[in-house]
Amino acid sequence: MRMTGLRLRDFRGYHQVMLSPPEGVTVLVGENGAGKTNLLEAVHLCCVGRSHRTANDKEMIRKGQDTAAVQLTVERRDGVHEVGVRLFENARRRKIVFVNGKTAPRMGELMGHATCVIFSPEDLALVKEGPQARRRFLDMLLSQHQKAYFYALQTYMSALKQRNALLKQGDFRQLPTWDEQLAIAAAPVVRLRREACQRLEQRTQVHYLYIGGREDERFSMRYAGALADSADPAEDMLRGLIACRDEDQRRLTTCFGPHRDEIELTLSGEPIRAFGSQGQMRTAALSMKLAAFDLLEAAQGEPPLLLLDDVLSELDPDRRRRLIARIGRAQALLTCTDQADFIGARPACVLRVANGEITQM
Ligand SMILES: Nc1ncnc2c1ncn2[C@@H]1O[C@H](COP(=O)(O)OP(=O)(O)OP(=O)(O)O)[C@@H](O)[C@H]1O
Ligand SMILES: [Mg+2]
């Protein structure tokens with residue numbers, strides 16, 4: 001897909017900006033703090049409905065303003081899609097999403113029109129940190145991939161919240177009712193995660209070998225939740241909840257279910273978190289993102305938008321070349337602080353970012 005227009009109003013440090021990137025790679029150059037990542041974040045917000053780096057939407061509203069708006073237009077094989085998000089400072093106003101000029105009644109309607117994969121230095125967390133970072137990776141990917149996943153997850157999370165509230169109130173009589181609801185809600189989440197992981201696993205291995213360039217290293221990711229191998233996740237979830245009820249009542253929270261899922265990452269059979277070098281972990285994270293890119297491309301019949309935040313400067317020249325070769329077919333926004341960083345990327349357009357303004361170089 002091709003992004004033909006990006007508009008921001010009172011988003012982060014920007015008052016008003018309008019961009020029309022050409023096909024191919026657009027490079028954004030600017031000093032630290034100039035506002036390069038902010039632009040990628042705006043694209044991400046339009047695709048997924050949230051930032052890739054904060055859960056607090058208000059951070060994205062320009063200081064001193066009541067509201068921020070972003071809008072993204074993409075051209076796809078089946079025509080033009082336009083998506084937008086409006087954020088409010090006022091806690092009583094929820095964010096609004098727009099699809100093709102109309103206010104969408106539900107957040108999920110935003111998903112799947114414009115899709116993106118973002119690569120950033122923080123991706124290392126995907127490999128290095130706890131399971132939450134990996135679940136978020138799956139959730140962002142699958143929500144873009146299928147609206148049904150987004151809704152399934154939403155249903156599950158809201159049932160979980162209610163069950164946890166009951167536990168905290170010490171009201172255990174209603175638990176059986178919520179167990180059933182939670183079990184039913186868990187099933188599609190587990191099924192879709194498992195299916196996606198199987199496909200990601202295969203692609204991830206291929207990318208790791210290619211980017212890493214070492215035949216003897218085998219990177220593997222495996223879906224590993226309590227229900228990962230279950231033939232009947234709803235039934236097994238219910239059983240698990242009943243089995244954990246005493247523990248739940250003691251800890252006042254739900255201990256069993258896909259909200260505790262893990263994706264196990266291993267390098268040649270060993271947990272990569274404990275045994276991998278910095279470079280190996282970085283290559284692993286990159287491979288997972290490339291696999292996400294493949295999954296979206298296969299699902300939509302065209303590549304998603306690529307957002308590359310400061311990634312080239314962290315790779316050695318060979319790895320950089322191999323990465324660019326892998327993603328050359330997509331339209332990309334690429335940020336760097338130094339013009340030397342994008343040698344080899346053959347940009348179609350270079351823009352300078354400074355003082356909330358964007359100018360052609
Ligand atoms: N809500 C906001 N209102 C006004 N300015 C903001 C807001 N949020 C962030 N900023 C400004 O945006 C700038 C950071 O932008 P960004 O993270 O895009 O920088 P960058 O160009 O990616 O820098 P680096 O090269 O260090 O990654 C900071 O100067 C910060 O003050
Ligand atoms: Mg940045």
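This is a predicted model: local features need pLDDT of at least 70, side-chain atom pairs count only at pLDDT 80 or more; totals for chains, interfaces and linings use all residues.

**The hairpin**
- Strand 1 (residues 2–11) and strand 2 (residues 14–19) pair up in the antiparallel sense, with five bridges.
- Across the pair, L6 sits opposite L19 of strand 2.
- The hairpin leaves two residues between strand 1 and strand 2, and R12 has a positive phi near 50 degrees there.

**Two helices packing**
- Helix 5 (residues 175–212) packs against helix 9 (residues 278–300) at about 125 degrees, and their axes are 7 Å apart.
- Angles from 65 to 115 degrees count as roughly perpendicular and those over 145 as roughly antiparallel, so helix 5 and helix 9 are oblique to each other.
- The crossing of helix 5 and helix 9 is right-handed.
- On the helix 5 side, the contact includes A196, R199, L200 and R203, while helix 9 brings in residues including T283, A284, L286 and D294.
- Sorted by class, the contact of helix 5 with helix 9 has ten nonpolar, five polar and three charged residues.

**Around the ligand**
- Ligand 1 has 15 residues around it, and G13, N32, K36, T37 and N38 come nearest.
- What classes make up the shell around ligand 1? Eight of its residues are polar, five are charged and two are nonpolar.

Definitions and conventions: Residues are numbered from 1 along each chain as its sequence is written. Chains are lettered from A and ligands numbered from 1 in the order in which they are written. A residue is near a molecule or strand if its C-beta atom, placed from the backbone, lies within 6 Å of it. Ala, Val, Leu, Ile, Met, Phe, Trp, Tyr, Cys and Pro count as nonpolar, Asp, Glu, Lys and Arg as charged, and the others, Gly among them, as polar. Axes are lines fitted to C-alpha atoms, for helices over the stretch in contact, and angles run from 0 to 180 degrees between N-to-C directions. Helices (H or I, at least four residues) and strands (E, at least two) are DSSP runs, numbered from the N terminus. Angles under 35 degrees count as roughly parallel, over 145 as roughly antiparallel, 65 to 115 as roughly perpendicular and the rest as oblique. A crossing is left-handed if the near helix is turned anticlockwise from the far one by less than a right angle, and right-handed if clockwise. Two residues are in contact if their C-beta atoms, placed from the backbone, lie within 7 Å. Two strands pair if DSSP finds at least two bridges between them.
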